[in-house]
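Me: Got a structure open here. Can we walk through it together?

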Amino acid sequence: MQSKGAVKLFAILMALVCLYQLSFTWVTKHVEGKAKEFANGDPVKEKAYLDSVSSLEAYPVFGTTYKKCKENEINLGLDLKGGMNVTMEVSLVDLIRAMSNYSNDGTFNAALANAQKAQSNSQKDFVTLFGEEFQKLDANARLAAIFATKELSDRISFNSSNADVLKIIKTESDAAFDRTYQILKTRIDKFGVTQPNVQKIGSGRILVELPGIKDPERVRKLLQGTAKLEFWETYDNRDIFPMLEAANKVLKGMGVADTTVSGLNSDSLAVRQDTLKQAVDSTTASADTAKKSSLEEQLAKKSSDTSSADTTKKNKSFEEFAKDNPLFAVLNPSVETNEKNQQELRKGPVIGSALVKDTGRVNQIFKMDQIRSKFPKEFRPYWTVKPIDKDGKVVQLVAIKTPAREAVAPLDGSVITDARKMRGQFTNNWEISMAMNAEGARVWKRLTHDNVQKSIAIVLDDYVYSFPNVIQEISGGNSSITGSFSLEEAEDLANILKVGKLPAPARIVQDAVVGPTLGAEAVHKGLLSFVIALILVLVFMVSYYNNAGLIADVALFINVFFVMGILASLGAVLTLPGIAGIVLTIGMSVDANILIFERIREELALGKGVRLAVSDGFKHAYSSIIDSNVTTLILGIILYVFGSGPIQGFATTLIIGILSSLFCAIFISRIIFEWMLGKNKEIKFWNSATKGLFKNIHINFVERRKAYYIFSGIIIACGIAAFAVKGLNFGVDFQGGRTYVVRFEQPITTIQVIDQLKGPLTKSPEVKTFGGENQLRITTSYLIDDQSPDAEANVVAKLNEGLKALNLKYEVLSSQKVGPTVADDIKSSALWAIIIGCGMMFIYIFVRFRSWQYGLGAVVALFHDVLVVLSFFAIFNGVLPFSLEIDQAFIAAILTVMGYSMTDTVVVFDRIREFVGIHHHAQDQRKVINDALNATLSRTINTSLTIFFVLLAIFIFGGEVIRGFTFALLIGIVIGTYSSICIATPIVVDFTKKRVLGTK
């Protein structure tokens, strides 16, 4: 074996990296175990414990905090730990209407309406659809006549072509999408969810994953709420500080102290003070930068009067400090060091800073009646949206001043006509140019006049994004916000300022909720199926291949270790289908070992010594191993690209598993073999029971090919007949709708539930047993086209109305919603995945075997496998006691079956090519092919049986959620094995007219 040293080095480095990455999971589980022990079943105490240690060192070896370890642990999917998965679609209709200044043009509005309808059945983006519909309605109509507004006059003129206008609209729509994404991300970050995930998943869609959510309806309202941009006057810190001292005294008198929180024990960072100026003014205002000062310095201010702020942390323990200063223990006053090295109150609207985890406590304090009375009724404290330190732990508190008569902002985002980032006129710094309409300019002039040398806060969704200082009165509505902005900060603020004028509301088009009960059960069942499958494979390999099987078992353990480590390194999410992917990898990883072992057994049967047999066995098996794994890898990549959510999790583990098992089988196994041979240890590849198996078998597969065609044709015909009579059971993934999994306290019939729900839901829902007799899955299309924010709440209310009439206790374990647009996209993606998969397989086989007949045989076998699996689902739909839905998981199963079928087919083709090359002068080429097929039986049957029993373990112990998925795989493995020998090869024979099928 060449480069043995390099392989060993790579394996050692890989093991160290995996060990390092997995160690974070072990550390977090240890800390969380202590939290559970401390809380004794109280979730509030448990969370408080974890919050208190989040910034403390939890991993002494690397000096890593618990929070950092949590970020690097293996991330479980929502189906394993419970939570909410939401797909949001950004509606661009309102944006386009706003850009046209809400034009009443008939063609324009009709085109928008038609584009909305077309969107549910198209993969094109909305702007393109709008342009096409506008052109259809009136080929001579000009978009420039509608969009050449005052606000867009610098980009769109009356002479602009429709294509130019659509390009501008597309640019603004992309910016609106980014803006909505940032707003949603900020809202989620402030929601207090552990390990949330917000990501863009395509044109106009955003995925939001929230673990551990207990109030889904609150989340839906939060995500779909309209963004509120406001401009507020502010108080100065020096005016508010005496009130903070008074509030601190009141809290001390009340005996209110919270010693579970910690003050700011690190230096607070410099505070940037943005400034406002007249846009045409050449004066450049620099940002005020405050000096760093620690908590000890800020609270050490000495003054003639005695106050609660005189006590320093240097002289007292934090507990004593917190008792004397309950407010300042959690809110760090805003002070700075002057030129004389003396502490003084910082000028500006920032009245303090606090750790993010302490902001809730500060909010509670300011809501207390005794504390509110110490401040003016116009006072309102708002937190800054972004932390001021590198670690993201500290945020500032800004003192907002509301109008005396009503708590309404003097100016809101609707008056902004444009905002964009730009370089300063006389500096190279980034700044934001902002323009307002006439009404906004009038109010802005008054507001800036009244607040010269004061700050005006820019607030979105009750969080302060900036608080620029007013340099002078600004008239005309054109302003510039200057400061030490980075490019990203300038772009973000410009986007935020556009929220009011260019709205792009996001609506939920798909969501899924998994309760903690179902999540815990999924973890248990997933691990159980994993352990059982692993034991089955280990036992089989040793039973069949003797101590050589132990080498495969060691390689298998290393493979699983590598897969888990790589998943942790990539930050991949481990889902229940992902566990199924790992379990399937266990089964498929032995395939390479079985190929190698069978080749070695053949070499030994020829009388070769063990050392030479091992060398030649590996050499002759390489071609089949590489070809079979590459084809499966290609299909795994296709599945990842076209899948979403849990299906991507399955594809991820499958891809990683294929690469890892390939490395372990070819290199790790070889190193162990050579080590044993070097130590003169005896290696056996059989025992008395398995030595002669599959020898002297002479099945005439080629001669019986017509019988195989007839057999497959009968199954597919029965499937077509079943489909014509009762159709397929399409899940909500493909047809849209809502699904709820409900568990009752005792068994209940589906008829009882249907009778109670058909009234509230206006028509009978689909109700099926899902697992035990007390667990049902309810599917309904009620209000699925209703896009209002309250639609989901209304459906849940109607569902509960019907279920309560049964007079039984019940629990909604999970829910899922798929809108019509998403359902259409899923169907389209599924179809393309299968078509592209077949196309890629044909190309690969054609290139690899240099014969279109081989490619045709492989693709026909693939289509055959898909049709047979679909036939079984049609025939047994409503017959078997578990769900046979056609959904995303089914498509994942189909592609996996295609991958396995290709693996088998490639191995068979490779052996045929080898035999034909050796016996190319033989008169009876069909006998040569039959000999090749019979030679692969031991490998084919052993691999198929191994994977079959692995899948059987998942099917029995993996839980109801993936039972239909594993059933499709079980059928597919059997059919894939059958088709590789009985369909793919006969097709090659029938379409090859030459006497010799090819030697290369």
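Me: Which residue stands opposite Met84 in β6?

Reply: Leu210.

Me: And how many bridges join β4 to β24?

Reply: 8 bridges, with β4 and β24 (residues 506-514) running antiparallel.

Me: Is β4 buried or exposed?

Reply: Mostly covered: 8 of its 8 residues are buried.

Me: Which residues sit on each side of it?

Reply: Gly83, Asn85, Thr87 and Glu89 are on one side. Met84, Val86, Met88 and Val90 are on the other. Both faces of β4 are covered. In general, side chains of a regular strand alternate between the two faces of the sheet.

Me: Back to β24. How many bridges does it make with β30?

Reply: 5 bridges, antiparallel, with β30 spanning residues 810-818. Ala512 has Gln816 in β30 as its bridge partner.

Me: What's the strand order for the whole sheet?

Reply: β5-β6-β4-β24-β30-β27-β29-β28. That is an open sheet of 8 strands with antiparallel pairing.

Me: Why is one side of β5 and of β28 left without a neighbour?

Reply: β5 (197-200) and β28 (766-769) stand at the edges of the sheet, and each has a single partner strand, so one side of each has no neighbour in the sheet.

Me: What does the twist average?

Reply: 20 degrees from one strand to the next.

Me: Which strands does α25 lie across?

Reply: β27 (737-744), β28 and β29 (775-780). Helix α25 covers residues 750-757 and runs at about 155 degrees to β28.

Me: Switching to helices. At what angle do α28 and α32 pack?

Reply: About 145 degrees, with their axes 7 Å apart. Helix α28 is residues 852-875, and helix α32 is residues 963-991. Their crossing is right-handed.

Me: What kinds of residues make that contact?

Reply: 19 nonpolar, 7 polar and 1 charged.

Me: Now confidence. What's the mean pLDDT?

Reply: 82 for the protein, and 89% of its residues reach 70 or more.

Me: Where is the pLDDT below 50?

Reply: One such stretch is residues 259-272, which has 49 contacts in the model beyond near neighbours in sequence. Another is residues 280-315, with 80 contacts counted that way.

Me: How should I treat stretches like that?

Reply: Where pLDDT is low, the predicted coordinates should not be read in detail.

Key
Residues are numbered from 1 along each chain as its sequence is written. Side-chain values use heavy atoms; hydrogens and water are left out. pLDDT is the predictor's confidence in each residue, from 0 to 100. Contact means heavy atoms within 4.5 Å. Axes are lines fitted to C-alpha atoms, for helices over the stretch in contact, and angles run from 0 to 180 degrees between N-to-C directions. Helices (H or I, at least four residues) and strands (E, at least two) are DSSP runs, numbered from the N terminus. A crossing is left-handed if the near helix is turned anticlockwise from the far one by less than a right angle, and right-handed if clockwise. Ala, Val, Leu, Ile, Met, Phe, Trp, Tyr, Cys and Pro count as nonpolar, Asp, Glu, Lys and Arg as charged, and the others, Gly among them, as polar. Buried means under 20% relative accessible area, exposed over 50%, partly exposed in between (1.4 Å probe, protein chains only). Two strands pair if DSSP finds at least two bridges between them.
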